[in-house]
Amino acid sequence: MSADRTGRVKRNEITAPSTRDLLNQDLAKQVRTAYDRIEDRGMSACLFGSGGTCCRHCNMGPCQIIDGVESMVGICGATADTVAARHFARMVAAGTAAHTDHAREMVRGFIATAKGETPHEIKDVAKLHKMATIFGIEIEGRDKNEIALELGEKALAEFGQQDGVLTMLKRAPKKQQKVWKKQGVEPRGIDREVVEMMHRTHMGVDQDYRNLMLQASRCALADGWGASMLSTELTDIMFGTPVPRRAIIDLGVLKADHVNVTVHGHEPLLAESLCLAAEDEELLALVKKVGAKGINLAGVCCTGNEILMRRGIPVAGSFIQQEMVLATGAVEAMVVDVQCVMQSVAQVVKEKHTEIITTNYRAKMPDAIHIQFEESEAYASAKKILERAILNFKKRGDCYIPTDKKFDIVVGFSHETINYMLGGRFRQSYRPLNDNIINGRIKGVAAIVGCEHYKYADDVHFQIAKELLKNNVLILATGCAAQALGRAGLMRPEAAAEYCGAGLAEVCATVGMPPVLHVGSCVDNSRLLIALTEMVKEGGLGEDISELPACGTAPLWMSEKAVAIGQYFVASGAHVVFQNLPIAGAKAFNKYLLGGIKEQFGACWDVEEDPIKLARKMIAAIDGKREALGINKKQDRVLFDMEMRRDMQSGQGIPGVGCGQK
Ligand code: NFS
Ligand code: SF4
């Protein structure tokens, strides 16, 4: 299925069974969704915008630039390369800012928790100690809350830090750290890099695309190894580091006889409080009174991923399903925080009883109800929201839930889980993974991350994944991409036998893991940085991330956050392939991002629209690394002997995972 130049997939081209089913119902035909807006707009995407050469950075413009045509530079003289690079760099800054503000809230929540001001507690003490050690905090003989408070304050200081280097950069492979130092891109403070990027992309400042991209790398690194990593680690300490668990996904997780409350956005502070309040006696009594069987919490987008990973709460929908979740008519309240919430949600529910409740002062919208979530009164705020939803249950009108559309998944593959699962309880390590890569059973590792949108087919993630798995590439997934792969049935251990090449299938069967591992939300891409680093440190696969047989993609990227993520992967030495990037209108800049930048960081971007070709490019990149490492030769097929099996199976005891393990 292809998309025309207006982009975009039409209603009749949707492949997702749940969406198709729902949109065919009369009930759903009454609401306007993105698919209708696509048809109504009917315009082609602007070539200048698509190519990255439209500049609106000052009021002499807007200037549409045509590369190579002297009369078509900007009024200020800016070239296509400058304009496209500035635009690209601003996307990195915006994406980093989003992750940063999210992370800041989590750190503030962490501090409040350490002070005993929230209903949460410090759950993962081992990780607390580990992080404290990285930050040079004394742990001996100290109370966990005392350590957490010091860690939280030190973490918060990294946002406003003006000089020096972010603490967690030192977690990276030594060689990588040297590269950053040599290129002068070690982030000094998180906020500072975003501000400097905005400054340098202002009219008349930095007009050298290479120099702009140095700051874009520094800014992106402040995201990956700074903001996002802080968010992931501190959230884990507070709410628990994910372990494998079974869960369900897709529109069918909504329940007709329950009060359905969906949580949408990114910051799990509120969602975690809702999870606690959903068990409140008073509320449960009220549920009975309105004639419902219970409260069914379900996630959407990355807030969904956060509580899916840590609590096994079902996911009702990913980014492109957010309107569908509401079109069912079965949702009492959609509680949103920040990011990736389409303004249309308030319109979809206009004729329905569903309430859209905004909860963060940063993110309000017309036609929604605002109930400010206060950290200091987290439980009370959560209770108030749920109470509203429960009382709304009686007003529910017609609804349609595609009940047969829900899929089993196994999730919760944090870096710690991968370590434990592969290495076993007593010898946690990445050794078995590295060994299986070296002996060729696993060709390499691919990250499929990021969003979804309507320009290309909605099964792109699945197409890419199938091709990778067939070629024995193990997949780590995050964000909405992970949800799409879960809906496609690839997060069941049984999927290994159905989709993988012999080598990968054998490894998955031995460990009892699915061939696509759900690593978390988009901020959890920082887990991938750590996983890749651990593979390097384990030995045998080179000295830094750029030597690993690994590759990443965010094919259906929509958000600027995905560009920040892509850039921090590239700057960390990982090859990244997207379906498109708005850089094609600027020849030299395009060539630089898709090649030249490799000389500086050991990795570059690549673009490919066709999903199968994209997957093959990833495989070729992985093969290239194998070749360079000298592990590309066909190895004799080694059957697992008893000791190897024991080693790998000592990961047993992880609840809910594995063949025959319950
Ligand atoms: Ni990531 Fe997650 Fe989804 Fe994209 Fe949005 S929810 S943070 S940005 S759309 S993957
Ligand atoms: Fe045009 Fe230059 Fe102003 Fe951009 S900064 S709008 S290219 S004059």
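## The shell around ligand 2

The shell around ligand 2 holds 8 nonpolar, 3 polar and 1 charged residues. Here Ala, Val, Leu, Ile, Met, Phe, Trp, Tyr, Cys and Pro count as nonpolar, Asp, Glu, Lys and Arg as charged, and the others, Gly among them, as polar. The residues around ligand 2 include Cys55, Cys58, Cys63 and Cys76. His57, Arg86 and Met203 are also among them. A residue is near a molecule if one of its heavy atoms lies within 4 Å of it.

This is a predicted model: local features need pLDDT of at least 70, side-chain atom pairs count only at pLDDT 80 or more, and totals for chains, interfaces and linings use all residues. Residues are numbered from 1 along each chain as its sequence is written, and ligands are numbered from 1 in the order in which they are written.

## The shell around ligand 1

Ligand 1 is surrounded by 13 residues. The closest are Cys302, Cys340, Cys451, Cys480 and Cys522. By class, this shell has 8 nonpolar, 4 polar and 1 charged residues.

Domain 2 (245-395) and domain 3 (412-649) both contribute to the shell, so ligand 1 lies between them. The domain bounds come from an automatic or database domain assignment.

## Helices α6 and α7

Helix α6 spans residues 125-134, and helix α7 spans residues 144-160. Helices are DSSP runs (H or I, at least four residues), numbered from the N terminus. In α6, Val125, Leu128, His129, Met131 and Ala132 meet Lys144, Ile147, Ala148 and Leu151 in α7. Contact means heavy atoms within 4.5 Å. The residues of this contact divide into 7 nonpolar, 1 polar and 1 charged.

Key
Side-chain values use heavy atoms; hydrogens and water are left out. Axes are lines fitted to C-alpha atoms, for helices over the stretch in contact, and angles run from 0 to 180 degrees between N-to-C directions. Helices (H or I, at least four residues) and strands (E, at least two) are DSSP runs, numbered from the N terminus.
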